[in-house]
Amino acid sequence: MPELPEVEITRRHLEPVVRGARVGEVAVRRARALRLQPHPGDFAVRLQGRRVLALTRQGKYLLGDLGDGLTWVTHLGMSGRMSLAGREEPEAPHTAVVVSLEAGPQVRFVDPRTFGHTAVLTADELAAAGPARLGPDALDALPRSPVLVARLAGRRAPIKPLLLDQRLLAGLGNIYADEVLHRARVRPDRPAGSLNREEVAALRRAVRPVLEASLRRGGTSLADLAYLLPDGRAGGYLERLAVYGRAGEPCRRCGGAVERMVLRGRSAYFCSGCQR
DNA sequence: ACCTCCCTGGCC
DNA sequence: GGCCAGGGAGGT
C-alpha cells in the first residue's frame, strides 16, 4: 500500500520531471478519481497550461504547487501509483487520469481499487480537505516523545489503530505501523495510555529507521504489485519486513512465530515473544 | 470514539 | 461464490 515511504519515493521520482514543466493536455479516464474536486470540471481547466512550481508531500498526500493559490492534491489510496510514460506507451488498466507535460512524458495516475483521488484546489478548498486535518509528518516533523506521551495519556484504545490515525502522526499505514511497533517491542493491542515513557520513546525512536530503511529499498511492493515506482520497478522492502504479512513465519529477532490479530477490522502482525 | 462504506483483483 | 486487502470520508 502506498504509505509514507512509497509516497515519498513517488515524489522524488516525479519532482525533477514535473518541476517547472508546463502542463499540456489533461485526460480524465475515470470520473470517480475526481470525487473530491468540488466541481469536477475544474480539474482539467485549472491544471492545463500551468507550471508545477514544486512537488511536496504531507503524510500520504502529494502536493503540487501550481501558483495562484492552486494546489494539485493527490492521495494514492491503497492501490494507486503514479507512472511516468511516453505518450505512445499503452495505458495500464485502471489508468484514471493522464496529465501530459509539454515537452515531457505523461504523468499517469493508475489506481485499480479506486480509493485514491486527485484534485486541483484553491487555498480555501484545500483548507477544508484532507491535508488540513493531518497531524505532524512522521518523517519530517516527528514530535518529541513528551508530546506523544501527552497525546496518548489516558487513552484506552489500542496503540496500533492510533498509529494509523493521521491526526496523531501523518504517514504511517498498516504495514509500517506493525513494523514500528515490532522494532519498539510494543504489542499492537496495548492500551495507548498504558505505555510508559520509555515505551513511547522507543516507539518514537523506531519510526525514522523503519521509514528510512524502506525508502532506501524503494518502498514495499506487495505480491499484487499494486504499488510500483513511477518507472515501473517494484520496491524491494517486502523481503525486509519484520512482521507484516508474516504470520506463522519466524520472527527475525527472536525466532518465535509471528502472530496475527485483528484490531478495528484490520490485520495486525506481531511477535508475542519480543513485543510486550 | 466508533462503524460502514467505497472498489477491484486475487485467492480459497 | 465468497472473502479479503485497506485509507479515509461521512455518519451516528
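## Helix α1 against helix α7

The axes of α1 and α7 come within 9 Å of each other and cross at roughly 45 degrees. Axes here are lines fitted to C-alpha atoms, for helices over the stretch in contact, and angles run from 0 to 180 degrees between N-to-C directions. Helices (H or I, at least four residues) and strands (E, at least two) are DSSP runs, numbered from the N terminus. This is a predicted model, in which local features need pLDDT of at least 70 and side-chain atom pairs count only at pLDDT 80 or more, while totals for chains, interfaces and linings use all residues; side-chain values use heavy atoms, with hydrogens and water left out. Residues are numbered from 1 along each chain as its sequence is written, and chains are lettered from A and ligands numbered from 1 in the order in which they are written.

α1 and α7 are therefore oblique to each other; angles under 35 degrees count as roughly parallel, over 145 as roughly antiparallel, 65 to 115 as roughly perpendicular and the rest as oblique. The crossing of α1 with α7 is right-handed. A crossing is left-handed if the near helix is turned anticlockwise from the far one by less than a right angle, and right-handed if clockwise. In α1, the residues L4, P5, E6, E8, I9 and R12 meet L211, S214 and L215 of α7, where contact means heavy atoms within 4.5 Å. The residues of this contact divide into five nonpolar, one polar and three charged. Ala, Val, Leu, Ile, Met, Phe, Trp, Tyr, Cys and Pro count as nonpolar, Asp, Glu, Lys and Arg as charged, and the others, Gly among them, as polar.

Helix α6 (residues 174–184) packs with helix α7 (residues 197–216) at an angle of about 125 degrees, and their axes are 8 Å apart. α6 and α7 are therefore oblique to each other, and their crossing is right-handed. From α6, Y176, E179, V180, L181, R183 and A184 take part, meeting A202, L203, A206, V207, P209, V210, L211 and S214 in α7. By class, the residues of the contact of α6 with α7 are eleven nonpolar, one polar and two charged.

For α4 and α7 the packing angle is about 115 degrees, with the axes 9 Å apart. α4 also passes α7 in a right-handed crossing. S145, L148, V149 and L152 of α4 make the contact with R197, V200, A201 and R204 of α7. Five nonpolar, one polar and two charged residues make up the contact of α4 with α7.

## Cavities

The structure holds three cavities of 30 Å³ or more. On a 1 Å grid over the protein atoms alone, a cavity is a set of points where a 1.4 Å probe fits but cannot get out, and a pocket is an open set with protein on both sides within 12 Å along at least five of seven lines; lining residues have an atom within 4 Å of a point. Grid points are joined across faces, edges and corners, and a volume is the space filled by probe spheres set on the points.

The largest cavity contains about 90 Å³ of space. Its lining has 13 residues, and L148, L163, L169, L203 and R204 lie nearest its centre. α4 (145–152), α5 and α7 each supply at least two of the lining residues, and the largest share, four residues, comes from α7. The lining of the largest cavity has twelve nonpolar, no polar and one charged residues.

The second largest cavity contains about 70 Å³ of space. L14, V18, L55, L62, G64, W72, T74, M82 and V107 line the second largest cavity. α1 (4–18), β3 (61–67) and β4 (70–75) each supply at least two residues of that lining. Its classes are seven nonpolar, two polar and no charged residues.

## The largest pocket

The largest pocket has a volume of about 620 Å³. It is lined by 23 residues, of which K60, L164, G173, N174 and R266 are the closest to its centre. At least two lining residues come from each of α5 (159–164), β9 (259–263) and β10 (266–270). Nine nonpolar, seven polar and seven charged residues form the lining of the largest pocket.

## The α4–α5 loop

A157 is placed in the loop between α4 and α5. The C-alpha atoms of A157 and A192 are separated by 6.0 Å, although the two residues are 35 residues apart along the chain. Neighbours within four places in sequence aside, A157 is in contact with L162, R190, P191, A192 and R264.
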